[in-house]
Amino acid sequence: MRTLQFTFPAASRAARRAHVGVVGSGDLEILFEPTGAAGSATVRVRTSVEGFDEVWQATLQRFFARVPLAGSWELNDAAATPALVTLRLQQAAQAAGGGASEPSATGMREAS
């Protein structure tokens, strides 16, 4: 099992803890714990898949650029695709009351 650590700037606060997904083939589990103060999001990824560090970095960086939700994120991966990782991150942010917006059918956020 491989463990990756990331930190991203995060200005938004969450209302509560969140738990989404499952550790199963092709899926992942996300445990989110809000922190007392905004400032950063720390992400720990546990994965059995080797060689995708840059994909994880890019996927997480893209998510936190759109949803800067501060807190501790723990991702337990069982070979999820980047699209599924993004979906589970959005679900966790919504469950935490972090205000993640729904992606449209094309995967793009609607302009307001």
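Start with everything shown as a surface: the protein chain has an accessible surface of about 6100 Å², and 52% of that belongs to carbon and sulfur atoms (areas are from the Shrake-Rupley method with a 1.4 Å probe; for residues, only the protein chains shown count as cover). Bear in mind that this is a predicted model, where local features need pLDDT of at least 70, side-chain atom pairs count only at pLDDT 80 or more, and totals for chains, interfaces and linings use all residues. Residues are numbered from 1 along each chain as its sequence is written, and side-chain values use heavy atoms, leaving out hydrogens and water.

Switch to cartoon. You'll find two helices and five strands, running β-β-β-β-α-β-α from the N terminus (DSSP runs numbered from the N terminus: helices are H or I, at least four residues; strands are E, at least two).

Now select Val43, Trp56, Leu60, Trp73 and Leu75, which have the most contacts inside the largest nonpolar core, a set of 29 residues (buried Ala, Val, Leu, Ile, Met, Phe, Trp, Tyr and Cys joined through side-chain atoms within 4.5 Å; buried is under 20% relative accessible area, with a 1.4 Å probe and protein chains only). Colour α2 (82-95) next: the largest share of this core, five residues, comes from α2.

Zoom in on Trp73. Beyond four places away in sequence, its contacts (heavy atoms within 4.5 Å) include Ile30, Phe32, Val43, Phe63 and Leu89.

Last stop: Thr86, in helix α2. Thr86 counts as buried because its relative accessibility is 17%. Leaving aside residues up to four places away in sequence, Thr86 touches Thr59 and Arg66.

How values were computed
Buried < 20%, exposed > 50% of the residue type's maximum accessible area, 1.4 Å probe, protein only.
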